[in-house]
Amino acid sequence: MEYKPLEVEKKWQKKWLETDAFEPLEDFLRPKKYILSMFPYPSGRIHMGHVRNYAISDAIARHYRKQGFNVLHPIGWDSFGMPAENAAIKNGVHPKKWTYENIDYMRNEISSLGFSFSKTREFATSDPLYTKHEQNIFLKMYEKSLVYRKNAALNWCASCQTVLANEQVEEGRCWRCGNTVEQREMPGYYLKITNYAEELLEDLKRLESYWPSQVLTMQENWIGKSEGLEFSFELSSKSKELLGGKFDSYKVFTTRPDTIFGVTYSALAPNHPIVNEILERKLLDEQKILIIKNMQRQSAKERQSSEKEGLDLGIWVIHPLTKKAIPVWVANFVLLEYGGGAVMAVPAHDERDFEFAKKYNLSIIQTIKSNANETMLPFTEYGVLVNSANFSGLTSASAKKEIINYFEKNGIGKKTVNYKLRDWGISRQRYWGAPIPVVLCPKCGAVVEKEENLPVTLPDDIEITGEGNPLDKHPTWKFTKCPKCGCDAKRETDTMDTFVQSSWYFLRYTTPKKLWQNAPFDRESVKYWMNVDQYIGGIEHAILHLLYSRFFTKALRDLGFIEAIDEPFANLLTQGMVLKDGVKMSKSKGNTVDPDNIIEKYGADTARLFILFAAPVQKELEWNESAVEGAFKFIKRLCDRSDNADVCRCLPKIEHSALTKEERYARKKVYEAFKKSEESYKNGSYSFNTLIAASMEAFNALSAQINRAVWSEGYFILLNILEPIIPHIASEISEKLFECKNFTQQIKIDERVFEAESMILAVTVNGKRRAEFEISVNASKEEILAAGKAAAAKWIEGLNLKKEIYVDKKLVNLVVA
């Protein structure tokens with residue numbers, strides 16, 4: 001059979017489409033599998049990273065369909081976002097037009113690879129109907145105080161007239177225009193993910209063994225639970241006067257109250273309210289003010305990675321126990337997002353505080369000593385307290401409890417659980433996003449839109465220049481009536497973070513399109529399909545997307561949208577990146593490979609086979625053109641060898657014991673490959689590279705076979721194994737040879753093929769290994785000893801044989817004199 005990939009692939013793709021081969025059934029009594037790849041962004045063309053992700057999910061989905069499962073394997077488009085606006089600025093094309101043209105093109109690319117995605121469940125998050133339901137979810141969250149509005153310091157580019165994400169600030173400058181970025185207080189909307197901090201942390205235990213441990217650790221660290229003492233530093237009288245009486249004290253949090261007597265200074269974050277007050281009052285000289293403003297322009301990531309830097313603010317606080325005055329500094333390593341943006345600094349027992357104190361010649365007081373004679377500073381371990389008043393002599397563990405009890409008893413502090421996790425700011429000052437359904441009324445304040453007025457959609461007649469928010473500049477769109485009092489009001493012109501759309505899309509997929517109009521998803525459909533049985537995506541989404549999706553699932557459960565679902569993704573697989581020349585494929589590096597070119601030259605099955613064979617799915621994959629050629633040649637040989645008119649049309653019955661050694665070996669290799677395939681899917685390892693290698697070995701063993709039954713059985717099983725990986729050609733050959741019965745007939749492993757027919761035994765002479773021999777497993781002891789002596793004949797010739805010992809199935813030991 002001549003291999004004509006494009007012809008074969010078009011034929012089967014057409015057939016699958018016409019027969020709705022990949023549509024899930026509305027049979028909720030059937031066992032199900034929900035297989036999902038992470039949402040693609042419609043950037044214009046798919047890349048090999050997409051191909052790898054979808055080839056993995058497709059192989060899993062196809063396997064379970066053959067097993068009789070009701071399979072949901074959907075795809076859609078995460079279609080809002082900044083790239084569409086950047087394209088509008090660069091090319092003068094409307095974001096909507098750019099996005100939906102890209103979707104059409106990428107849909108065709110994906111179809112050309114034969115991926116078994118449901119066509120009827122597809123949607124884009126920029127579709128008005130999706131926006132309608134998302135805005136309704138926002139309303140329900142607002143009603144339950146899971147959404148709130150507050151002012152916060154944001155990165156502001158005065159030149160572009162827009163807020164920038166931290167990732168868009170490069171060395172304190174706007175990534176687009178290079179202008180210096182400043183911190184500006186602006187209103188925004190926040191989701192109270194912190195309400196779920198403890199549950200998000202605790203439920204990670206339920207995901208152990210099902211999610212990669214690296215992902216679980218990253219989420220645990222991001223949530224960042226810590227227990228300790230919260231108390232207030234009271235400002236000195238003079239400091240209160242300098243600040244105009246606006247501040248009396250500020251709160252700090254510490255996980256090491258046992259070190260509190262070692263506090264020699266306190267440090268504030270550059271954007272702490274007290275620091276801002278000092279800048280506004282110009283209590284420092286111009287040079288110091290400039291240094292602090294430069295700190296404020298840096299993102300949290302930049303400040304954490306740069307050299308420790310700070311300034312004495314010229315104010316003092318009072319130590320709550322010693323009553324001594326302590327200087328207050330501003331320091332770039334302190335984050336407003338954690339612990340209120342203020343720390344007690346204990347340089348003797350904290351590496352960061354020690355480094356800072358040494359740099360600026362601040363005092364260092366040791367209050368913990370080790371069991372060793374001499375304690376090197378900074379000493380960060382637990383030990384015994386010294387220089388700590390009545391608490392000296394206590395161990396750190398005891399002192400922590402005693403000091404917290406003292407603070408609580410005297411009403412000057414309390415035991416507190418703190419989290420690094422912050423509430424999720426979802427406001428974005430851009431056009432191409434889901435509008436936030438809030439109206440700003442001069443009388444009523446911020447009022448959510450009425451449900452019957454949803455969706456609030458975007459206007460099409462806008463101009464995107466890259467300067468400012470196009471919605472805010474629109475002449476009519478933002479003007480409306482207050483839903484509460486009916487007065488003239490303005491719409492909120494911020495749009496939602498695109499992570500919002502990707503935090504519940506997996507629930508939407510569960511519901512047939514006919515039920516999409518009136519609700520975001522159907523409760524019964526969600527109950528049947530959720531959880532997602534296997535989720536596949538890149539490790540780069542380990543924190544934000546996965547954490548937000550977990551939060552949304554729990555919040556929607558509590559809001560009554562869904563029933564008793566705590567976690568969205570039962571199993572997670574993070575596939576490795578595709579590299580070329582040792583680096584990640586990237587348009588900017590000019591090292592991308594266009595899947596269209598591979599398909600045109602070799603066919604989709606070759607691309608799929610290479611991408612799954614080249615490396616374990618969790619590891620990085622290095623692009624190799626010769627390996628692609630090798631995959632093509634294997635498929636061609638598979639076709640060439642299938643020209644066998646004398647074939648059994650179904651799985652033949654074979655008397656294994658009557659076969660020749662070569663025939664038994666061929667059967668063994670076929671069943672080894674089948675067993676590896678079954679285990680790979682069952683244990684969730686998805687070891688496609690070793691599965692394919694085993695299939696190739698089996699094919700090589702079959703290639704020399706002239707036994708009609710052995711050859712037919714081998715191809716029957718081999719094509720079943722390969723169908724999820726190279727579905728077009730496997731279907732074509734299977735149709736020709738077996739009428740595709742090998743995809744529906746249950747295959748049972750013939751365990752006889754694994755029974756050993758011979759064994760290899762070692763021969764030792766006076767304890768030294770001298771030879772080995774092969775003999776039937778059914779040989780008698782006498783036959784084995786005789787064969788052993790024959791194998792070691794030259795070592796015992798002419799010698800007196802004193803003993804002959806047979807160690808069962810291991811060796812023959814001969815003792816000679």
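Which residue forms a salt bridge with arginine 664, and how far apart are the closest N and O atoms? The partner is glutamate 757, with the closest N and O atoms 2.2 Å apart. This briefing concerns a predicted model. It covers a sheet, aromatic rings and charged side chains.

**The four-stranded sheet**

- Four strands form an open sheet in the order β2-β1-β24-β25, and their pairing is parallel.
- Strands β2 (70-72) and β25 (572-575) are at the edges with a single partner strand each, so one side of each has no neighbour in the sheet.
- On average, neighbouring strands of this sheet are turned by 20° against each other, direction ignored.
- Strand β1 (residues 32-37) is joined to β2 by three bridges, and lysine 32 stands opposite asparagine 70 in β2.
- Helix α2 (residues 48-66) lies across β1, β2, β24 (534-538) and β25, and runs at about 175° to β1.

**Aromatic rings**

- The model contains 52 aromatic pairs.
- One of them joins phenylalanine 233 and tyrosine 250; the ring centres are 6.1 Å apart and the planes stand at 70°, which is over 60 degrees, so the pair is edge-to-face.
- This pair links distant parts of the chain, since phenylalanine 233 belongs to strand β8 (residues 225-235) and tyrosine 250 to strand β9 (residues 249-254), 17 residues apart.
- Phenylalanine 233 counts as buried because its relative accessibility is 0%, and tyrosine 250 counts as buried at 4%.
- Ring pairs also link a cluster whose members include Phe39, Trp504, Tyr535 and Phe569.
- Charged ends sit over rings as well: that of lysine 150 is 4.8 Å from the centre of the tyrosine 190 ring, and that of arginine 770 is 4.2 Å from the centre of the tryptophan 795 ring.

**Salt bridges**

- Side chains of opposite charge can pair when their charged atoms come close.
- The count of salt bridges in this model is 57.
- Glutamate 230 and lysine 251 meet in one of them (4.0 Å, N to O), which links strand β8 to strand β9 across 21 residues.
- Lysine 251 is exposed, with a relative accessible area of 52%.
- Arginine 664 and glutamate 757 form another salt bridge; arginine 664 lies in helix α22 (residues 661-682) and glutamate 757 in the loop between α25 (727-738) and β29 (758-765), 93 residues apart.
- Arginine 664 is buried, with a relative accessible area of 17%, whereas glutamate 757 counts as partly exposed at 35%.
- Aspartate 353 and arginine 352 form a salt bridge with their closest N and O atoms 3.4 Å apart; aspartate 353 is buried at 2%, while arginine 352 is partly exposed at 29%.
- A network of salt bridges links several residues, among them Glu199, Arg206, Lys554 and Asp566.

Conventions. Residues are numbered from 1 along each chain as its sequence is written. This is a predicted model: local features need pLDDT of at least 70, side-chain atom pairs count only at pLDDT 80 or more; totals for chains, interfaces and linings use all residues. Side-chain values use heavy atoms; hydrogens and water are left out. Two strands pair if DSSP finds at least two bridges between them. Helices (H or I, at least four residues) and strands (E, at least two) are DSSP runs, numbered from the N terminus. Axes are lines fitted to C-alpha atoms, for helices over the stretch in contact, and angles run from 0 to 180 degrees between N-to-C directions. Contact means heavy atoms within 4.5 Å. Rings of Phe, Tyr and Trp (its six-membered ring) pair if their centres lie within 6.5 Å; planes under 30 degrees apart count as stacked, over 60 as edge-to-face and the rest as tilted. Buried means under 20% relative accessible area, exposed over 50%, partly exposed in between (1.4 Å probe, protein chains only). A charge sits over a ring if NZ of Lys or CZ of Arg is within 6 Å of the ring centre and within 35 degrees of the ring normal. A salt bridge is a side-chain nitrogen of Lys or Arg within 4 Å of a carboxyl oxygen of Asp or Glu.
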